[in-house]
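Subject: Structure handover

Hello,

Please find the structure below, followed by notes on what was found in it.

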Amino acid sequence: MLMPNFAYVRPKTLQEAIKHLSSPDCRVHAGGTDLLGCLRDEVFHAKRIVSLVGLHDLRGIHPTKEGGLRIGALTTVTEVAASKIIQERYPGLARAAAEVASPQLRNQGTIGGNICQKPRCWYYRGEFHCLRKGGEKCFAAKGENPFHCIFGSGGICYIVHPSDIAPALVAFEATARVIGPKSGRWVPLEGIHVLPGVDPQKETVLKTNEIVTEILLPPAKGFRSSYRKVRARQSWDFALAGVALALRFKEGQVEKARVVLSGAAPIPWRSKEAEGVLTGKRLDADVAVRAAEAAVKNAEPLEQNGYKIPLFRGVIEEELLAIAKA
Ligand SMILES: Cc1cc2nc3c(=O)[nH]c(=O)nc-3n(C[C@H](O)[C@H](O)[C@H](O)COP(=O)(O)OP(=O)(O)OC[C@H]3O[C@@H](n4cnc5c(N)ncnc54)[C@H](O)[C@@H]3O)c2cc1C
Ligand code: SF4
């Protein structure tokens with residue numbers, strides 16, 4: 001397919017960018033690795049794309065006074081993966097960033113774009129006018145669905161949230177700074193993505209004229225963290241099953257646990273069931289097995305993706321045992 005025509009603007013200030021976005025049919029452009037594919041494949045249309053590339057304040061990784069970290073939305077995925085301070089304080093986040101796509105895409109793609117990217121359902125990305133595009137039916141429900149979700153569809157839309165970074169951010173209880181025409185707000189990463197039961201045509205709570213400017217990570221002192229991703233092949237690919245862990249230990253026991261699944265649901269999927277099993281326990285082989293079982297207990301597989309249940313069980317158990325030894 002040829003790229004359709006659109007106007008391209010490169011504002012110099014955030015206010016200017018937001019003003020542009022207030023006219024109809026505009027889209028934010030960061031690294032463009034997802035946006036341009038969507039425009040070319042006519043997943044959606046835009047009259048104008050508003051590039052953030054001139055907004056230099058939106059780049060960089062800065063420690064906060066409290067011991068946390070601010071990551072500008074235009075910071076590339078490579079910069080997140082390679083950052084020494086992220087590797088030391090938030091290894092699960094560095095690992096998740098390193099698992100994204102290919103080196104070229106990590107060099108070009110940004111953390112803001114990564115958490116706001118569109119889903120990869122092949123019907124949605126193809127020529128099918130499905131429910132998520134404003135049509136009347138979900139083609140995956142009874143169609144080809146081996147890579148679709150096992151949680152959170154609401155029986156409406158079966159996408160999996162595609163980002164590797166977002167589950168790690170949810171595990172660390174990060175928040176996103178969102179700026180719109182009148183004001184700014186902080187949105188917890190855990191609440192930024194939208195389930196199909198709330199709105200099957202939206203992936204995030206952002207309005208079309210709002211921009212994510214930065215991500216704030218709270219201090220992670222005392223936490224051990226990791227990210228594990230299983231994909232169908234060793235080169236670039238999205239997660240079939242993945243898990244982000246952030247566990248705080250005290251006197252040999254898990255004092256606080258965050259377990260967030262990728263490749264599982266239309267949003268990064270927090271497993272409160274697994275967290276409940278882990279909290280207050282010594283993390284041994286038996287607890288790891290029970291937490292992994294709890295994580296998949298309420299799964300609702302489709303005809304072709306039942307294999308995800310034992311896959312998640314194995315991945316979670318292995319990763320919990322690895323973090324126990326770390
Ligand atoms: C072949 C391929 C393989 C990939 N594999 C993976 C993978 O394994 N794991 C993974 O996590 N990702 C993967 N991706 C997705 C890729 O990582 C993301 O596309 C990239 O991080 C997005 O960043 P970007 O800056 O290029 O976003 P863009 O393409 O510029 O934007 C993506 C979306 O986010 C919106 N947006 C961007 N920035 C902001 C902002 N600051 N505020 C509000 N909205 C914004 C845009 O309007 C657009 O809708 C893959 C992509 C491709 C093409
Ligand atoms: S899973 Fe969602 S995006 Fe895919 S065909 Fe169904 S409604 Fe469309």
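A residue counts as buried under 20% relative accessible area, as exposed over 50%, and as partly exposed in between, with a 1.4 Å probe and protein chains only. This is a predicted model, in which local features need pLDDT of at least 70 and side-chain atom pairs count only at pLDDT 80 or more, while totals for chains, interfaces and linings use all residues. Residues are numbered from 1 along each chain as its sequence is written, chains are lettered from A and ligands numbered from 1 in the order in which they are written, and side-chain values use heavy atoms, with hydrogens and water left out.

Helices (H or I, at least four residues) and strands (E, at least two) are DSSP runs, numbered from the N terminus. G263 sits in the loop between β11 and β12. Is G263 buried or exposed? G263 is buried, because its relative accessible area is 2%.

A101 lies in the loop between α5 (91-98) and α6 (103-108). A101 is partly exposed, because its relative accessible area is 24%. Its phi is near 45°, a positive value in a residue other than glycine. E251, in the loop between β10 (241-250) and β11 (253-262), also has a positive phi of about 45° although it is not a glycine. With a relative accessible area of 73%, E251 is exposed.

The two sheets

Strands of a sheet pair through backbone hydrogen bonds, either parallel or antiparallel. Here two strands are said to pair if DSSP finds at least two bridges between them.

One open sheet has five strands in the order β4-β5-β8-β6-β7, with antiparallel pairing. Its edge strands, β4 (61-63) and β7 (184-188), each pair on one side only. Neighbouring strands of this sheet are turned by 25° against each other on average, direction ignored; the axes are lines fitted to C-alpha atoms (for helices over the stretch in contact), and angles run from 0 to 180 degrees between N-to-C directions. Strand β6 (residues 175-179) and β7 run antiparallel and are joined by five bridges. Opposite T175 stands P188 in β7.

Another open sheet has four strands, in the order β9-β10-β11-β12, and its pairing is antiparallel. β9 (223-230) and β12 (269-270) are at the edges with a single partner strand each, so one side of each has no neighbour in the sheet. Eight bridges link β9 to β10, which run antiparallel. The bridge partner of R224 is L247 in β10.

The ligand

How many residues surround ligand 1? There are 32, and the closest are V28, G31, T33, L35 and T110; a residue is near a molecule or strand if one of its heavy atoms lies within 4 Å of it. The shell divides into 16 nonpolar, 11 polar and five charged residues. Ala, Val, Leu, Ile, Met, Phe, Trp, Tyr, Cys and Pro count as nonpolar, Asp, Glu, Lys and Arg as charged, and the others, Gly among them, as polar. β2 (26-29), α7 (111-116) and β8 (211-217) each supply at least two shell residues, and the largest share, four residues, comes from α7.

An oxygen atom of ligand 1 lies 2.7 Å from a backbone N or O atom of G31. A polar backbone atom of D237 is 3.0 Å from an oxygen atom of ligand 1. The protein covers 94% of the 970 Å² of accessible area that ligand 1 has on its own, by the Shrake-Rupley method with a 1.4 Å probe.

Regards

Notes: Polar contact = N/O pair within 3.5 Å; in protein donor to acceptor, adjacent residues only side chain to side chain.
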